[in-house]
Amino acid sequence: MTDFNELFIKYKDLITLAVYGTAIMLIIIGLYAVLLKKHLVKIVIGLSIIDAGIHLLFVAVGYIQNGTAPIFSPGYEQAANRMVDPVPQALVLTAIVIGFAVTALALSLVIRLYKHHHTANIDQIKSLKW
Amino acid sequence: MKKYIIFILIAILGWTLAQTFKAIPFGADRRGDLSNPNKVAAYYLRQSPETLQTANSITAIVVNFRGFDTLGEVTVLFLAATGLASILYRKEEEDKTEVERVSLPSSSLVRTGAKILFPLILLLGIYVFVHGHLTPGGGFQGGAIIATGFLLMLITYKHFETNHNVMVWLESLAGLAFVLVGLYGLFMYGSFLQNTKSVGTLNDLISGGLIPLIYIFIGIKVGTELTNILDILLKIKPGREQ
């Protein structure tokens, strides 16, 4: 069985590209949905996708090579040297909850708008135009 | 025309992000010296098992080092739940018609399965937030698991009702208890949300001082809050209002 660390050293550039590339692509896809989609629910989904990309970017920055989770479980009490940066993970935990709150509130506003205007298409909601 | 401008903007943003993260090597150690911590990550990794006796250092950061921030986060979640309720509940109060669930009646297989799974999901959620300082997970995750259990019941049974009063009181008391724990630290040890001096031993269930207590309150609060949000969202009538 190949150790993950050996694979990491061997394909470091590829893994870097994959992780950062996925995160940046998620942000771009989300931004595309927010800016160009006409349906309000799709815009909210776009916001969630941007959220996911940013979280991935955060956690990826905190990763260290051959790292384990920053949890001092039995057997890992002295393994602090191998532990990944816990600060981005704690911040992402906060960000996920805030992202959930934002999504829930945005969806409730979408429901109100839909009930009022009978459509969720922002082109057909006349009162949004100015 | 507008479309092309947006595409160019997105491309510029992507290029900028790519250039920025080219300068940050993936997997490099940026925590600083662990034996003589001068960066925040090394400090947290050192203090979490030593002075706090908390196995999960992320919990130590979220509840202890950045406890005030977490109080704000819980407040944001509470405000979102309140805002959602006030946005969606306005019309429901006016006409007293029977509120119908959007979902179709489910089969007896689903109903029996949901009945068996519901207490187990609640148990898992409670386990996750009680062990938040020992294993991965914590109050927010445990609360989310509890809310999924209630969601299962809400979409399976058409007439499943969560007791609104119990939910609201649990949520309010849990939030109040969080603040009271913070005030206890203020009066006993001199700063808001200060942890106790007797923190137990690493990897015990009762260790980390006030951290498990706070995370249990957060778990109850988040679980009831998310359940309320799901309940409100599912109670929306399918028809359009006039």
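## Ground rules

The model is predicted, so local features need pLDDT of at least 70 and side-chain atom pairs count only at pLDDT 80 or more, while totals for chains, interfaces and linings use all residues. Residues are numbered from 1 along each chain as its sequence is written, chains are lettered from A and ligands numbered from 1 in the order in which they are written, and side-chain values use heavy atoms, with hydrogens and water left out.

## Where chain B meets chain A

Let's start with the interface. Here 61 residues of chain B are in contact with 52 residues of chain A (contact means heavy atoms within 4.5 Å). Between them the two chains bury about 4900 Å², 73% of it on carbon and sulfur atoms; buried area is the accessible area (1.4 Å probe) that two parts lose on being put together, summed over both.

What about polar links? Zero salt bridges turn up between chain B and chain A, a salt bridge being a side-chain nitrogen of Lys or Arg within 4 Å of a carboxyl oxygen of Asp or Glu. Ten residue pairs, both at pLDDT 80 or more, do make polar contact across the interface of chain B and chain A. Such a contact is a pair of N or O atoms within 3.5 Å; within protein, one must be able to donate a hydrogen and the other to accept it, and residues adjacent in sequence count only if both atoms are side-chain atoms.

Which helix of chain B gives the most to the side that touches chain A? That's helix 1 of chain B, with ten residues. Helices here are DSSP runs (H or I, at least four residues), numbered from the N terminus. The residues on this side of chain B split into 36 nonpolar, twelve polar and 13 charged, where Ala, Val, Leu, Ile, Met, Phe, Trp, Tyr, Cys and Pro count as nonpolar, Asp, Glu, Lys and Arg as charged, and the others, Gly among them, as polar.

## Aromatic pairs

Rings of Phe, Tyr and Trp (its six-membered ring) pair if their centres lie within 6.5 Å; planes under 30 degrees apart are stacked, over 60 edge-to-face, and the rest tilted. That gives 13 aromatic pairs over all chains. In one of them, Tyr43(B) and Tyr44(B) have ring centres 6.1 Å apart and planes at 55 degrees, so the pair is tilted. Tyr43(B) is partly exposed at 39% relative accessibility, while Tyr44(B) is buried at 10% (buried means under 20% relative accessible area, exposed over 50%, partly exposed in between, with a 1.4 Å probe and protein chains only).

Phe118(B) and Phe150(B) make an edge-to-face pair, because their planes sit at 75 degrees, with centres 5.3 Å apart. This one links distant parts of the chain: Phe118(B) is in helix 6 (residues 108-130) and Phe150(B) in helix 7 (residues 139-156) of chain B, 32 residues apart. Phe118(B) is buried at 15%, and Phe150(B) is buried at 14%. Elsewhere, ring pairs tie Phe8(A), Tyr20(A), Tyr63(A), Phe21(B) and Phe26(B) into a cluster.

## Loop residues in chain B

Pro25(B) sits in the loop between helix 1 and helix 2 of chain B and is partly exposed, at 42% relative accessibility. Leaving aside neighbours within four places in sequence, Pro25(B) is in contact with Tyr20(A) and Arg30(B).

Most residues other than glycine have a negative phi. Gln53(B) is not a glycine, yet has a positive phi of about 55 degrees; this residue lies in the loop between helix 2 and helix 3 of chain B. Leu193(B), also not a glycine, has a positive phi of about 65 degrees and is buried, with a relative accessible area of 8%.

How values were computed: Helix = DSSP H or I, 4+ residues; strand = E, 2+ residues; numbered from the N terminus.
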